[in-house]
Amino acid sequence: MASKPRDEVMKQIAELRRRMDPDVLDSAERIARAHLGLPSKPSEAVRLFQQAMAGNSRQKAEILAEVERRVARMKTRH
């Protein structure tokens, strides 16, 4: 059975998304949300920080250490 044109287009979009840089994809999503008037999606750092503040002290230390590692990696990339 031949697939529908919509299914083909969705497969192509999925393939493009897999090949895109995650930072570019995230930026595009933020711009689209702002353009459409949708609420903004919190960044990964904000999400991890909120998770750390809601967790117990052991989990908090682990999550904050992960945030610090990611920030250090970002500084070396730029």
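**Surface and overall form of a predicted helical model**

Met-10 counts as partly exposed because its relative accessibility is 41% (buried is under 20% relative accessible area, exposed over 50% and partly exposed in between, with a 1.4 Å probe and protein chains only). The structure is a predicted model, in which local features need pLDDT of at least 70 and side-chain atom pairs count only at pLDDT 80 or more, while totals for chains, interfaces and linings use all residues. Residues are numbered from 1 along each chain as its sequence is written, and side-chain values use heavy atoms, with hydrogens and water left out.

Met-10 lies in helix H1, which covers residues 5–19. The protein has 4 helices and 0 strands (DSSP runs numbered from the N terminus: H or I of at least four residues for helices, E of at least two for strands). Its pattern along the sequence is α-α-α-α.

Along the principal axes, the C-alpha atoms fill a box of roughly 55 × 30 × 30 Å. Of the 78 residues, 6% are buried.

The protein exposes about 6900 Å², of which carbon and sulfur atoms supply 60% (Shrake-Rupley method with a 1.4 Å probe; for residues, only the protein chains shown count as cover).
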